[in-house]
Amino acid sequence: VPKNSNELILLDAGTPLAGCNNRVFGLDTDTLAARLADLGEQPYRGKQISEAMYNQFVTDIIEITTLPEKLRRQLIDKGWHVGRPTIAQPFKSTDGTERYLVEFEGENSKSQTAEAVWMPEGDGGEAGDGSDSDPSTVDVAPSLRSRSAERAGGRPWSRATICVSSQIGCAVNCQFCLTAKLGLQRNLTPGEIAGQVVAILDRQKVRIGRDRVNLVFMGMGEPFLNYDNFMAAVRLLVREVGLSPLRMTVSTSGIVPGIERFAQEPLDVRPKLAISLNAPNDAIRAEVMPINRKWSIAAVIDAVRRVPMRSRERVTFEYVLLGGVTDQPAHARELARLVRRTGLPAKINLIAWNSGPGIAYTTPSSATVEAFQNLLKGEGIPAYIRQPRGRDIFAACGQLKRTVEG
Ligand code: SF4
């Protein structure tokens, strides 16, 4: 990241033109209605198609039985097709986590995959961030989980978290992250981002409005460097699929113009905000996250202050503990001072670094992580430990690199 340059903003990789073919997944009800009206059809047919795709998880126009068969055939003849992303390869961890290689429609399948992760019971990331103001995300004590799972139709989970990608690869170059090794390949479209979620909801037979499912936009990519498509995906997931923005968290490495736009979003479609902080001061942060040379911690915090918080909502500061680099007691005390000085309703999520090939950091011991947490708590800062999920299948935080070994 060159100092004093605008290059990072220009790194937006562009998006394949939406609507240049007749794929309908990713279009909202109004757009579908307008396209059908162009064909001389009643606009309410748009709602029928969106309900089929986003609520009943139909993946073929011929199966949209609310449409007359003649119309279905006409649409197919005109090249209309659903085109939802597909799960090309699943990898299952011993802890129940599943990592998916998700394939997008395109000519070159090799450059058309990203990753998404399903974490039954979540990873503790939402603890204390105000999600509990939404009754549907209240955590369940382990002793109650089996009963609750029975009520959930015998499935072995009572709540779950889906980690979603916003780009193929990433330009931000955080030094501890495997995705960074890919570089930025391209932005995902709104349908490709929302499609990861819908494909997983379908696979896991999630019942919208009844099951507790949280989304975290923390997979491959920097959502705020693909801002328009990311927010369009959120609107699809809220308005068409029926998920609550209170169950969604977007994490940014600190893209200030993106945070400023995010502050303007209406609350009914605004996810919660997490800042990937990872260091207690600018000097260390610039080493592990070169983006800090463009937007310092103070600049990021200033932008976050402009985001209006809901009652009980907290900003999450994500903090990856790198052995010897960011995990020392002095770092914990400095971090506590930093977060306290922001005056923001905030909490810290601690993540012990997940190792990856070719990255020369070390993972701190559980005792070090707990000591770090206790120091923060002792300073009055709410701090939670995010449990590593799916390390054995390269599904854990910072490990997403389209690895094909299970
Ligand atoms: S941690 Fe996130 S922002 Fe940083 S390189 Fe990895 S994917 Fe990009």
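**Exercise 1. What volume does the largest pocket have?**

Solution. The model is predicted: local features need pLDDT of at least 70, side-chain atom pairs count only at pLDDT 80 or more, and totals for chains, interfaces and linings use all residues. Residues are numbered from 1 along each chain as its sequence is written, and side-chain values use heavy atoms, with hydrogens and water left out.

Step 1. On a 1 Å grid over the protein atoms alone, a pocket is an open set of points with protein on both sides within 12 Å along at least five of seven lines, whereas a cavity is a set of points where a 1.4 Å probe fits but cannot get out; lining residues have an atom within 4 Å of a point. Grid points are joined across faces, edges and corners, and a volume is the space filled by probe spheres set on the points.

Step 2. The volume of the largest pocket is about 380 Å³. Its lining comprises 24 residues, of which Gly26, Leu27, Pro190, Gly191 and Leu236 are the closest to the centre.

Step 3. Helices (H or I, at least four residues) and strands (E, at least two) are DSSP runs, numbered from the N terminus. The elements giving two or more residues to this lining are α6 and α7 (227–241), and α7 supplies the largest share, five residues.

Step 4. Ala, Val, Leu, Ile, Met, Phe, Trp, Tyr, Cys and Pro count as nonpolar, Asp, Glu, Lys and Arg as charged, and the others, Gly among them, as polar. On this basis the pocket lining has eight nonpolar, seven polar and nine charged residues.

**Exercise 2. Determine where the ligand sits and which residues surround the ligand.**

Solution. Step 1. The ligand sits in the largest cavity, a placement that requires more than half of its atoms to lie within 2 Å of the grid points.

Step 2. Cys170, Val172, Asn173, Cys174, Cys177, Thr179, Ala180 and Gly221 surround the ligand, each with a heavy atom within 4 Å of it. By class, this shell has five nonpolar, three polar and no charged residues.

Step 3. Cys177 belongs to the loop between β5 (167–169) and β6 (184–187). Buried means under 20% relative accessible area, exposed over 50%, and partly exposed in between (1.4 Å probe, protein chains only); Cys177 counts as buried because its relative accessibility is 17%. The C-alpha atoms of Cys177 and Asn354 are 8.8 Å from each other, although these residues are 177 apart along the chain.

**Exercise 3. Trace the salt-bridge network that links Lys92, Glu98 and Arg203.**

Solution. Step 1. A salt bridge is a side-chain nitrogen of Lys or Arg within 4 Å of a carboxyl oxygen of Asp or Glu. The structure holds 15 salt bridges.

Step 2. Lys92 and Glu98 pair at 3.6 Å, N to O. Lys92 is exposed at 59% relative accessible area, whereas Glu98 is buried at 8%.

Step 3. Glu98 also forms a salt bridge with Arg203, with 3.3 Å between the closest N and O atoms. This pair links distant parts of the chain, 105 residues apart: Arg203 in helix α6 (residues 190–203) and Glu98 in strand β2 (residues 98–103). Arg203 is partly exposed, with a relative accessible area of 40%.
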